[in-house]
Amino acid sequence: MKFRLKITIFAVIIGTLLIPAYFILQTYGVFQREKVLSDYALAVDVNGKSYEAWPLINSFAAMDKEEDNRQLYYRVDMNHIQYLFHIAYQEFDVRPSEDNPYLAGTVSYQSTENEYVKSEKQYTNAKDFTTVLNFYNKDKEVIYTYQNTGKGDGQLVQSIIHQGMSRSSNGGSEAARDPYINVTALFHDKLDIDVKLDVDEEHKVVTIRMNKAEARS
């Protein structure tokens, strides 16, 4: 058998094996540019110190894998996404604690009448409606609307796979894929707030910093 023919057959075999492997890895989010923060503690920066962000949950937050200009994402369909707005508007106090040597304490969110995310029905007639999530600023103005489909919307909401997590579906299991909203982009464009992430890989802490947006040219 000629050498060139052997090479061709070898390439076909390798290609046949790599194609399904690629799709399997893609299904589990290996090639996506974001990762869910289940392996990190989620914190809020206050005067250079990191305070636990609870009830914000690490497994409902995500960030870009690339270090440059990392974006923060959060599950769009979770009620406690409200607390990100409280951070943006500084509607919280801190409770110092020495329980965790890697965090300065916890955040205590203030009781407020402001409701920044509301699930609402949009009727097309007297019988039919769709469920939407409306996001509001402090002036009670709608800044973004997401049709609550559980999927990305091609704008600020995208589907992110939680690597290592699976769900039962139709008698089988599949990788957990959920809708996350780009909090960094939303807050910058609609609230004039810059959202930055400090990632401490050694101590497994991701700290959220929010400040008024820098002057734009």
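A quick word on the model. It is predicted, so to speak of local features we need pLDDT of at least 70, and side-chain atom pairs count only at pLDDT 80 or more, while totals for chains, interfaces and linings use all residues. Residues are numbered from 1 along each chain as its sequence is written, and side-chain values use heavy atoms, with hydrogens and water left out.

Back to His 80, which is buried at a relative accessible area of 15%; buried means under 20%, exposed over 50% and partly exposed in between, with a 1.4 Å probe and protein chains only. Leaving aside residues up to four places away in sequence, His 80 touches Pro 55, Leu 56, Ile 57, Phe 60 and Tyr 74, where contact means heavy atoms within 4.5 Å.

Now please look at the sheet. Three strands form an open, antiparallel sheet in the order β8-β9-β10; strands pair if DSSP finds at least two bridges between them. β8 (117-123) and β10 (142-147) are at the edges with a single partner strand each, so one side of each has no neighbour in the sheet. Between β8 and β9 (residues 129-136) there are seven bridges in the antiparallel sense, and Lys 118 stands opposite Asn 134 in β9. Thanks, everyone!

How values were computed. Helix = DSSP H or I, 4+ residues; strand = E, 2+ residues; numbered from the N terminus.
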